[in-house]
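Visitor: Could you take me on a close look at a single part of this structure? I'd like to see how that part packs against whatever surrounds it.

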Amino acid sequence: MHSIARRLLENDPDAVGEVMRWIAAALTAPRYWSLRAEWPDLLQEVMARVLDSLRHERFDASRDLRVYVQGVARFVSLEEVRRRRRSWMFVEDEEGAAEGPDPETKAVQMQLVQRVLDLASPECRELIGLHFLESKNHLEIASKLEIPVGTIKSRLFRCLEGVRKMWRQHRGTKPDRSPA
Amino acid sequence: MNDHIDLQTELPDYAAGRPDPETRPRVEAHLRTCQECRAMLSDFQELGRVMRRGGTPLLTPHPPVAEVRRLALSRGAAADPVVQHHLDLCASCSLEMEGWRRMGRPVVAFFRPSWWMLASASAAALVAGIGLGMLVMRAPVSTPRPSPAAVAIGPQIFLPPILRGEPGRVEYELTPGQQAVVVAWPAAVPEQAAQDALFRFEIGRPGAGADWSYDMPAAGIRRHLDSAELVTLLVPATALGPGRHEARVIASGAGGGDPLYLAIVDVRAPGAPQ
């Protein structure tokens, strides 16, 4: 049996924590934001279903346990969405948000940005932090990191382009049209 | 096209409101004709706005699993300010904390009624004359914590409504090895009760103190009743040993006032004659 799966059944705190983290990451996806009041209950339900599957050996050990667990989490979330017959909340477009997003939209945007920054490389996170949080321009970043300014320009652009791509995927925005 | 690619690398500085004065006119001229660059600029600007709102916690890594667990389970433990700021902002970390807190309560509530339980619950509720939309789970209790993998939950107890001021009565037979019981309470809270007023759900022998109890604010009870018309709690089987019990709801801090709700539960050991 998969080692984390076995340790989960043995109630190993590290394994429980790891699986809980996978579930939490899946449940808090912006598309399920409308379920946030139910997240703790859903987390429990997902954990119960995963444990049940493991106990009854319904989980194929050759599969990636994380993918499986997060699949269960998404399935449970979708069931809940259907049950409530509520439409999902999406951040539709940047124009609407720029006009003054409500607190809920702001919170969703924040989670979304955090999620895509989680996926960025440490180097990109550093560059993006210097640029947006420390308000440094290309020249200042180049000077701080002692790297040629041209290199900083292209690296920062590549980082932001990658983050933007993931951001648009997560929020369900259609891909760009062909370049002008 | 070369200009298009070259000028795109200027967009981050432009989005941050600090464009290079030398290239600015070219960037602006290009933006007037290039839809792709305008969309990209708009996204970068939005990203910058959100990042400035969130601050450095957006870039700090998630605390290790063990640290989240420690903070969740050690009441009042101080977190590093950076970690605390991250926890305040990060929805998934907050959810992990809540998950650990629920586990940290004496009986684990890794349980939420599934469709088959809802179906059986609904059928039983119909028989009992109780409207039931869904069950909502909470983790109470006061006995040692079993493994989440090992909690054995038997059939549910549907407590009866109070009829003509008389407490209802229900019988229940424990199953072998049962560790917990799901108890559904047709409780109500007074309309005038403040949202943060606490109410205690408890189980104890008649005329004696509680063997198990769980406090819930009026707001929580109302939320459950709105969606389910019942408050469903997980009770350790040790609090429902063979014999007669009372299921009570009282206003916390009422100093032993009359219960708002009372039902008699007669429990039989597994296999005991009726």
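Predicted model: local features only at pLDDT ≥ 70, side-chain atom pairs only at ≥ 80, totals over all residues.

Guide: Axes here are lines fitted to C-alpha atoms, for helices over the stretch in contact, and angles run from 0 to 180 degrees between N-to-C directions. Helices (H or I, at least four residues) are DSSP runs, numbered from the N terminus.

Residues are numbered from 1 along each chain as its sequence is written, chains are lettered from A and ligands numbered from 1 in the order in which they are written, and side-chain values use heavy atoms, leaving out hydrogens and water.

Back to our pair: helix 3 of chain B brings B:His30, B:Leu31, B:Arg32 and B:Thr33 to the contact, and helix 4 of chain B brings B:Gln35, B:Cys37, B:Arg38 and B:Leu41 (contact means heavy atoms within 4.5 Å). Sorted by type, the residues of this contact are three nonpolar, three polar and two charged. Nonpolar covers Ala, Val, Leu, Ile, Met, Phe, Trp, Tyr, Cys and Pro, charged covers Asp, Glu, Lys and Arg, and the others, Gly among them, are polar.

Helix 4 of chain B also meets the other chain. Its axis and that of helix 7 of chain A, residues 122-133, come within 10 Å and cross at roughly 85°, so helix 7 of chain A and helix 4 of chain B are roughly perpendicular too. Here A:Ile128, A:Phe132 and A:Leu133 meet B:Phe44, B:Leu47, B:Gly48, B:Met51 and B:Arg52.

Now zoom out to both chains. The contact takes 66 residues from chain B and 66 residues from chain A. Together they bury about 5900 Å², 62% of it on carbon and sulfur atoms (buried area is the accessible area, with a 1.4 Å probe, that two parts lose on being put together, summed over both). There are five salt bridges between chain B and chain A, a salt bridge being a side-chain nitrogen of Lys or Arg within 4 Å of a carboxyl oxygen of Asp or Glu.

Definitions and conventions
Helix = DSSP H or I, 4+ residues; strand = E, 2+ residues; numbered from the N terminus. Parallel < 35°, antiparallel > 145°, perpendicular 65-115°, else oblique.
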